[in-house]
Amino acid sequence: MLGLAVRNTKKLVREKVKESNIRLGRLFTKREQAALLASYAPTYEKEEVFVLDPGAGTGILAAAAIEAIAKSSPAVRRIVLFAFETNGMFLPMLADNLERIRKKLFHDYKVRLVSIIRDENYVTAARPLEGAPMSGFDLVLSNPPRELRTVGTPEWKSAKKLCSGDTDLCYLFTVQAVRDLAEGGRAMLLLPVSFASSAYLEKIRRFTFTETAILALHLFLNRAEDARRLDDARKNMVICLEKTDKAPELIRISTSYGESAEATCVMHADYESILRRENMSLLLLKSEEEAKLLKVIEHFPATLSSLGLKMKTGLTLESRYKELLRDKPEKNTVPLIHPNSIQLGQIAFPHPGVKNQYLVAEVPSILQKNKNMLFIKRVPAKSEGKALFCGAYLASQLPRDRYISTHNKLNYIDYADGRMEQAKQGFQQLLSSSAYGALAPY
């Protein structure tokens, strides 16, 4: 059934490329990825199962889900599929694919398929969904569209209490899918890796991981060209959720290379180690070695908090305060520490070649006391052999300045009272290590 949907979709892609030079391939879920999402479907011990595909396209994910249920759940005699799709180019093939699947499903498994195709926006569709079970769907599979929705648009309004500014449509799909799940129902989603830790998505993650528990994660890795480098995650990941208020003890984590779904590593990690409750971010482990390292770190005798330390984000966003930036010191300016100021584990200031190293001290909220700190810069793993660069800073480096400011792309650690002299070197060595940096959130 999945093969049928994929073959017909490829035919559509070839036709549109030939007719109108429209490239559609990137819009559809890859066959291997569809099979991977469907593999997380549970075994059902009931006769009727309700399935939702909120962005159905030509029916690739729906085909994978239907086939997985038919193979694993002999008790099921009827599958009701709700398929949402607004692209008129895909609708005829969606209907044709589902009709072919209906016939094959009954022929091979004696299971009846009822398909309800909705030509409307899934996120803004009136609730409750007409014809849908009041209790919600048993299964949701989604590779949601990636389009930014600005503040005030109808889709944005559907989750406005959870949004912090403009929000990608795929996350609005996620919120609505969680709402539409039945108690005990599962959702398998193909989402950007940035969902794991982006600050502006904290409210959406908090809602999602409060309403559901994470059962599994799958990461698609790039192959490291240099064996000394750590593999970094590609732009997408698969997350499997179950609507329940009871979280499992372990999360299953698997990885594969490229866009292949063939797992090269499967491991299990403690739930509370992967889900960071303070901001509901996810720690994405990529190997058994990282899992072992995490256990070591978790057994450290102290944490930043217990030592009176806190990680903070730099205060000055250049695009917001362009008129206050200066290349040279002037009257009423303060030093602005940049990511490029980190040199060989120390802070070099001023640093030749770095622009806008001074800030006019007109906005109190972006000024901070000049005190001992440890600065941290996050860099992509694909470009360096480690993910964190650290630089120790002493207030005595700029003795004439009572205040400084920090670039928004930097993080920093300090004591509330400014003490860092004894600890800064140790933290700098620890956080700068390749192994520790590998566990930095995406």
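Here's a quick briefing on one loop alanine, the cysteines and a few strand pairings. You're looking at a predicted model, where local features need pLDDT of at least 70, side-chain atom pairs count only at pLDDT 80 or more, and totals for chains, interfaces and linings use all residues. Residues are numbered from 1 along each chain as its sequence is written, and side-chain values use heavy atoms, with hydrogens and water left out.

**Alanine 56**
- Alanine 56 sits in the loop between strand E1 (48-53) and helix H3 (60-72); helices (H or I, at least four residues) and strands (E, at least two) are DSSP runs, numbered from the N terminus.
- Alanine 56 counts as buried because its relative accessibility is 6%, and buried means under 20% relative accessible area with a 1.4 Å probe, protein chains only.
- Leaving aside residues up to four places away in sequence, alanine 56 touches Ala83, Phe84, Glu85 and Leu94 (contact means heavy atoms within 4.5 Å).
- Asparagine 143 is 87 residues from alanine 56 in sequence, but the C-alpha atoms are 8.5 Å apart in space.

**Cysteines**
- Searching the whole structure turns up zero disulfides, a disulfide being a pair of cysteine sulfur atoms within 2.5 Å.
- Cysteine 240 is buried, at 1% relative accessibility.
- Cysteine 265 is buried too, with a relative accessible area of 14%.

**Strand E23**
- E23 (residues 403-406) runs parallel to strand E16 (residues 333-337), joined by two bridges; two strands pair if DSSP finds at least two bridges between them.
- Leucine 336 has serine 405 in E23 as its bridge partner.
- Strand E20 (residues 368-369) runs antiparallel to E23, again with two bridges.
- Here lysine 369 partners with tyrosine 403 in E23.

How values were computed:
Buried < 20%, exposed > 50% of the residue type's maximum accessible area, 1.4 Å probe, protein only.
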